[in-house]
Amino acid sequence: MAQLLDQIPWAEPLLAPDIDPAWEAELKRRGGNGSEVDRRVAPSPWIREACLGVNTGRACAISAHLFNVAALVTAQENACRYCYGASRSYMQMLGYSEAYIRRIEQDVHLAELNEKERAMVAFCRNLARSRPRPASAELDGLVHLGYTREAAREIALWIALGCFYNRITILIASPPEHGFEGWVSAKRLKFLLLAPLMRFQAARRRRGKRDPAATAAALGAGVYGPVLAPLAGLPGAAIMKAALDGAFASNVLSRATKALMFAIVARSLDCGTSEAEARRLLAADGFGDAEIEKSLASLESARVPAAEARLLPWVRDTVHFQTAQIQSRTREIAAALGNAAALEAIGVAALANATVRLAMLVE
Amino acid sequence: MNDSASGWILVGALAIALPAFATWLWAGRARQAEQLHAETRRRLEQLQREFERFAPPDLVERLTEGRGDVAPQRRQVTMLFADLRGFTSLCDRLDPALTVAILNDYFRHMSGAIGQHHGHITELVGDGLLALFGAMETNPWQCRDAVLAALDMRKALVAYNEQLKAKSLQPLQFGIGIHSGEVIVGVMGAGELNKFTVTGDPVNVASRVEGLTRELGVDLLVTEEIRKTLDAGFRLRPMPPARVKGKREPIQTYHVESNDA
C-alpha cells in the first residue's frame, strides 16, 4: 500500500542551498520557480538543467489533467515527500477536490475515474514501482484502451522523468515546500472559485507541440540512443537526452563509474536492453566482457577510483528503497565523497533509474 | 391570498426545498461513505502493520493489494540456515523468561544483518532460522548477499556475546549453512496456517550443510554453487567432501573465513 503524505519519513537536507544570482535570474527567465530543489542542485550544470526541464517541460499527446495525475501518483509511489506534497498542493490550487485527490492516492476505483484513467494510474504505479518489472505489454495495454501510441509513450516518459526528479529530491532530502503547501491550503476557497481559470492557465503552460528536432535519428545518436529513439517527436525527449549527454560528458565522476552504475541498475531490474547499452559504454572505455561480468557480479572494479567504489553497491539500493534508509545511506556517501561528487552520484543514480524504466518498455 | 396563489407558493417552496433536501441527503451519504472508507483504510493499514511482523513487508503488500504474483513459482533462491549450538541444554538451566529474552535479542541482531543484505527470515524454528535471498524478486547478487549477511551475522554475534558476557551469561555459538538452487516459492500451508516459504531439494541441502558445520567444527559453510559466484575478495577454505543424508555423492563445502573487500 503506497504511503500517504503524512506517513513518509523525511531526513534533514543533505545539501545546503547554493545561491547563484546568475542561475536564479536564468531560472526566472525560463519559467522556473526557484524551488528548494533548484537551489540545492545548482552546482551541477546538467542536473539543474534536467530539474528545470522537468518543472517546465511540456507534453503534446497527453492532457494537463493526465500529466498532473501521473505526477501525483509517481511521487506517492516513490514515497517522495517533497514532490508528493508539491503535486498535491498544485492539484488543490487547480481546484481538484480533496475527495478526488484522496481517491487517486488511495487507489479507490470509483466512478469519478474512468477506465482509461484507472489504467493510467495503474501503469504509473507499476512503472514507478517496477516490482515486478513491467514490459512493452503494459504500453500495449494502454494503447488497447484507446490511448494513442504516442500518448502511451509520453505517459511513460513523464513517469520516468518523475522517477528521476523524485530520486533527486529524496536523495538530497530536499525540504518540502511548506510555504507553498500552507499558502494553497489557506486559500482553498479562492482557488475553488478560480479553478477554471487556473486549470486553463496550467493546461496552457504544459501544452506543447511536437518537437521537430527530436527525430529518431537525433535521439538515437548519443548515449542510450536505442531507448530514446522511440520517443521521437515528444517535447520531453530532449530533457532526457540532454541529461544523459550531460551526465556522461561531466567529469566529476569517472565514466567507468557512471556506466557501471547504469549497468547495475539495469541488472537489478533485469533489463537486457539497458545492460547491453551500459556494456557498450564500458567496452568503449576498454573493459573486456569478462571484466564487465566480474565487476557486475562483485559490485566492484579496479578501474573505478577508490573513492567512488562505494557508489556501486549504493546505486543498487536506489532501485527499490525505504526512504529513511536510503537517505541515511546517501548521507554516508556524501560524508565520504564530498558534496560535489555526492550530488553528481545522486544525479547519475536518478537518471539510471529513469532510463532503465523507459528501456524496460521497449522489451 | 386566494387558494390558487397559496398552492403555487407551496409548489414553489417544494420545488426549492426538495432538491435542497435531496442534495443535503446525498452530501450526508457521501460524507458517510468517505468516513467509512477512511476507517476501512485505517484498519487495513493496521492489519498490514501487524501482518508485517509475521511475513516480509513486500509479501504483505502484494497480498493486501490482491496482486496475483504470489502464486507458486520456480525460482533461483539462496537459502541460509542458522542454528544455535548448545542452546537447548542452556534452556534447561535458565529461567524461561530469560531464555526467551536471549533468543529474541539474538534473532533481532541476526534479522538486522540479514535485512541489510536484501534477505528476509521466513522461518524461526526453536533457535534456528531460515533466511531467503531472491525469493521475493529476481536478485542477481543473492549468493553474495547471503554470504555478506552471514559475515555480518558473525560480527553481530560477537557484539551480542559481549553484552551477554557483561551480564555473566554464557556466550552463544552458531552454525550457518548456505546453498543456492531452483526451488518452488509460494504461500504454503493448510487451513488457517499458511506461510510464504520454499520447498525443494536445495532447501534440504542447505539444511544439511548447516548440520555439517558442527561435524567440521566451523561456523560458516557454503556449497560449490555459492563458491562459483564469489569473487577473490572472499577468503574460502575448502573442507573435506562430506556425505549428507539424501545425497549419494559427498558434497564439497567451503568455510568462509572473511571478505577482504
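**Burial, helices and a pocket**

Reply: Cys163(A) has a relative accessibility of 0%, so it counts as buried. This is a predicted model. Cys163(A) is found in helix H9 of chain A.

Me: How far apart are the C-alpha atoms of Cys163(A) and Leu145(A)?
Reply: Cys163(A) and Leu145(A) are 18 residues apart along the chain. The separation of their C-alpha atoms is 24 Å.

Me: Which elements of chain A give two or more residues to the lining of the second largest pocket?
Reply: The second largest pocket holds about 860 Å³ of space. The elements that give two or more residues to its lining are helices H3 (45-56), H4 (64-77), H5 (81-93), H9 (149-171) and H12 (195-206) of chain A.

Me: Which residues of the lining lie nearest the centre of the second largest pocket?
Reply: The lining has 31 residues. By class, 18 are nonpolar, 10 polar and 3 charged. Those nearest the centre are Asn33(A), Asn55(A), Tyr90(A), Arg205(A) and Arg206(A).

Me: Is Leu299(A) buried or exposed?
Reply: Leu299(A) lies in the loop between helix H18 (289-298) and helix H19 (311-316) of chain A. Its phi is positive, about 55°, although it is not a glycine. Most residues other than glycine have a negative phi. The relative accessibility of Leu299(A) is 3%, under the 20% cut-off, so Leu299(A) counts as buried.

Me: Is Ser168(B) buried or exposed?
Reply: Ser168(B) follows H5(B) and sits in the loop between H5 and strand E4 (174-190) of chain B. Ser168(B) is not a glycine, yet has a positive phi of about 60°. Its relative accessibility is 70%, and the cut-off is over 50%, so Ser168(B) counts as exposed.

Me: What span should helix H5 of chain B have, and what is the distance between its end C-alpha atoms?
Reply: Helix H5 of chain B covers residues 142-166, which is 25 residues.

Me: What is the distance from the side chain of Thr122(B) to the backbone oxygen of Phe196(B)?
Reply: Thr122(B) is part of strand E2 (residues 119-125) of chain B. With 15% relative accessibility, Thr122(B) counts as buried. A polar atom of its side chain lies from the backbone oxygen of Phe196(B) at a distance of 2.5 Å.

Me: How does Gly112(B) count by accessibility, and how far is its C-alpha atom from that of Ser89(B)?
Reply: Gly112(B) belongs to helix H4 (residues 96-116) of chain B. Its relative accessible area is 38%, so Gly112(B) is partly exposed. Gly112(B) and Ser89(B) are 23 residues apart along the chain, and their C-alpha atoms are separated by 26 Å.

Me: What separates the C-alpha atoms of Ala324(A) and Ala350(A)?
Reply: Ala324(A) is in helix H20 (residues 323-337) of chain A. At 39% relative accessibility, Ala324(A) counts as partly exposed. Ala350(A) is 26 residues apart from Ala324(A) along the chain, and the C-alpha separation is 17 Å.

Me: How many Å separate the centres of domain 1 and domain 2 of chain B?
Reply: The domain assignment of chain B gives domain 1 as 1-51 and domain 2 as 69-259. Taken over C-alpha atoms, the centres of these domains are separated by 59 Å.

Definitions and conventions: Residues are numbered from 1 along each chain as its sequence is written. Chains are lettered from A and ligands numbered from 1 in the order in which they are written. This is a predicted model: local features need pLDDT of at least 70, side-chain atom pairs count only at pLDDT 80 or more; totals for chains, interfaces and linings use all residues. Side-chain values use heavy atoms; hydrogens and water are left out. On a 1 Å grid over the protein atoms alone, a cavity is a set of points where a 1.4 Å probe fits but cannot get out, and a pocket is an open set with protein on both sides within 12 Å along at least five of seven lines; lining residues have an atom within 4 Å of a point. Grid points are joined across faces, edges and corners, and a volume is the space filled by probe spheres set on the points. Helices (H or I, at least four residues) and strands (E, at least two) are DSSP runs, numbered from the N terminus. Ala, Val, Leu, Ile, Met, Phe, Trp, Tyr, Cys and Pro count as nonpolar, Asp, Glu, Lys and Arg as charged, and the others, Gly among them, as polar. The expected span of a helix is 1.5 Å times one less than its number of residues. Domain bounds come from an automatic or database domain assignment. Buried means under 20% relative accessible area, exposed over 50%, partly exposed in between (1.4 Å probe, protein chains only). A polar contact is a pair of N or O atoms within 3.5 Å; within protein, one must be able to donate a hydrogen and the other to accept it, and residues adjacent in sequence count only if both atoms are side-chain atoms.
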